[in-house]
Amino acid sequence: MSMDRREFIKIAGISSLLGLGGVSGVGAIKGRVEASQIKKSPEALQAKRWAMVVDMSKFKTEEDYQVCIDACHRVHNVPHITDNPKHEIKWLWPDTYEHSFPGNEDEYRADKYQHMPFLLLCNHCDNPPCVRVCPTQATFKRKSDGIVMMDMHRCIGCRFCMAGCPYGARSFNYKDPRPYIDESTQNPEFPTRMKGVVEKCTFCYERLAHGLEPACVEAAKEVAAKKGTTPGLVFGDLEDPNSEVRKILSERFTIRRKPDLGTGPSVYYII
Amino acid sequence: MYNGAKIIIGLIIFLGLVIFPFIYSGGKATAKPDPKVDTPEILQLPENERKCVESKEYMKKEHMKMLNEWRDWVVRDGVTVYVSTSGKEYNMSLQNTCMKCHSNKEKFCDECHNYTAVNPYCWDCHIKPKEKES
């Protein structure tokens, strides 16, 4: 049987089309079967965009914020590295007014504001620069609730996100963090990190999935219950007009860190 | 034959290198892996509930793919409940679901992974269960 060029191209074209069609058909069926096997936990807390309000009037002494920091770092097995400040891992940490709100300094501002230790964390931006620069999508914004997440399995440790974040909310594991975590008090339900990945606050996504508020918010509530005041940290849905966060925002004057950069931070401060 | 001595010496060295692993292991095959599922956590379950999330055959073949899918669903999509083919629901978590029953990492995971010389990096971050001396 002889075949001219025209005939050959026709047959090759049709068979490759059939092949491609077949593969994508199988893929579609496979995807559907798998997707029907999973569901959201009914107890999970849900929101369109999680946000936090920090009421600075409740954070006067070192102990006030240390309670929240300890709660966070204990739950997430954050190593306590003190021998080199550059190797420090921070999810929730205090800093001065001028570092927290640069461009707003005033030499005559009252000392109590100037030296007030502001409680800082990842701002879970609406338009996060860290996500834009991540080459592997290891850090990404969850469509379901706006949390800027870390997928430690994908992080290659390039640290672009650390350069991109204007809030210094990200820490790099320059060395294996395990020796710096106390094994007797570590949380066996949450992983640690390994050398060479970047980590940060994740708004306790793992707790939200089981119907719990973030660890720092829970700690702040416990302190408030003891003292008989309102809690210093309030967590809620920014897109829900009836949420606790929105109620506070509609009543009190609040500021955000560096809003002029256009990142749309979701953490608000009442001074 | 040109350079006959050199060629023969070379051949002997080559053969020696090839045969060495067989001689070194004494001609015996390495013992087959025998992963243990007799942890106290599993043994205290009633007989008819001693089942993994899916069938034994499926888990043997597909557990690595399943773990990858669980990871993506939980971390990236925020979906945490897995409904098995038997209709039972499980929290998708290596540390808090798998290892709660399979608390014997060395006898369960490592047994086959060492045999097949695969080195998954799960335990660089995930905390392995405390092994009980048995």
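Tutor: Begin with burial in chain B: 11% of its 134 residues count as buried. Keep in mind that this is a predicted model.

Student: What radius of gyration does chain B have, and what would a compact globule have?

Tutor: Chain B has a radius of gyration of 23 Å, while a compact globule of 134 residues would have one near 14 Å. Along the principal axes, the C-alpha atoms of chain B fill a box of roughly 75 × 35 × 25 Å.

Student: How many residues does each chain bring to the contact between A and B?

Tutor: A contact between chains can be described by the residues on each side. Here chain B brings 17 residues and chain A brings 22. On the side of chain B, helix H3 (56-77), strand S1 (81-83), helix H4 (94-101) and helix H6 (122-125) each supply at least two residues. H3(B) gives the most, with 5 residues. By type, the residues on this side of chain B are 8 nonpolar, 5 polar and 4 charged.

Student: Which strands make up the sheet that includes S1(B)?

Tutor: To read a sheet, list its strands in order and then look at how they pair. This one is an open sheet of 3 strands in the order S1(A)-S1(B)-S2(B), with antiparallel pairing. Its edge strands are S1 of chain A and strand S2 (89-91) of chain B, each of which pairs on one side only. Strand S1 of chain A, residues 38-39, is joined to S1(B) by 2 bridges. Lys39(A) has Val81(B) as its bridge partner in S1(B).

Student: And the side chains of a strand, how should I read those?

Tutor: In a regular strand, side chains alternate between the two faces of the sheet. Take S2(A) as the case: Trp50(A), Met52(A) and Val54(A) point one way, while Ala51(A), Val53(A) and Asp55(A) point the other way.

Student: How many of the residues of S2(A) are buried?

Tutor: S2(A) is mostly covered, with 6 of its 6 residues buried.

Student: Which strands are joined to S2(A), and in what sense do they run?

Tutor: S2(A) and S9(A) run antiparallel and are joined by 5 bridges. Within that pairing, Ala51(A) has Gly236(A) as its bridge partner. S2(A) and S10(A) run parallel, with 4 bridges between them. There, Val53(A) stands opposite Tyr268(A). Elsewhere in chain A, S3(A) and S4(A) pair in the antiparallel sense over 4 bridges, and Asp95(A) has Phe118(A) as its partner in S4(A).

Student: What should I look for in the interior?

Tutor: In soluble globular proteins, nonpolar side chains tend to be buried together. The largest nonpolar core in this model has 58 residues, of which Cys68(A), Leu92(A), Cys216(A) and Leu233(A) touch the most other members. Several elements of chain A each supply at least two residues of this core, including strand S2 (50-55), helix H2 (62-75), helix H8 (215-227) and strand S9 (233-237).

Student: Which residues is Cys216(A) in contact with, leaving aside its neighbours within four places in sequence?

Tutor: With those neighbours set aside, Cys216(A) is in contact with Cys68(A), Ala71(A), Cys72(A), Leu92(A) and Leu233(A).

Methods
Residues numbered from 1 in each chain as written. Chains lettered and ligands numbered in written order. Predicted model: local features only at pLDDT ≥ 70, side-chain atom pairs only at ≥ 80, totals over all residues. Contact = placed C-beta atoms within 7 Å. Nonpolar A, V, L, I, M, F, W, Y, C, P; charged D, E, K, R; others polar. Pairing = 2+ DSSP bridges. Core = buried A, V, L, I, M, F, W, Y, C linked by C-beta atoms within 7 Å. Buried ≥ 20, exposed ≤ 12 C-beta atoms within 10 Å, placed from the backbone. Rg over C-alpha atoms; globule rule 2.2 N^0.38 Å.
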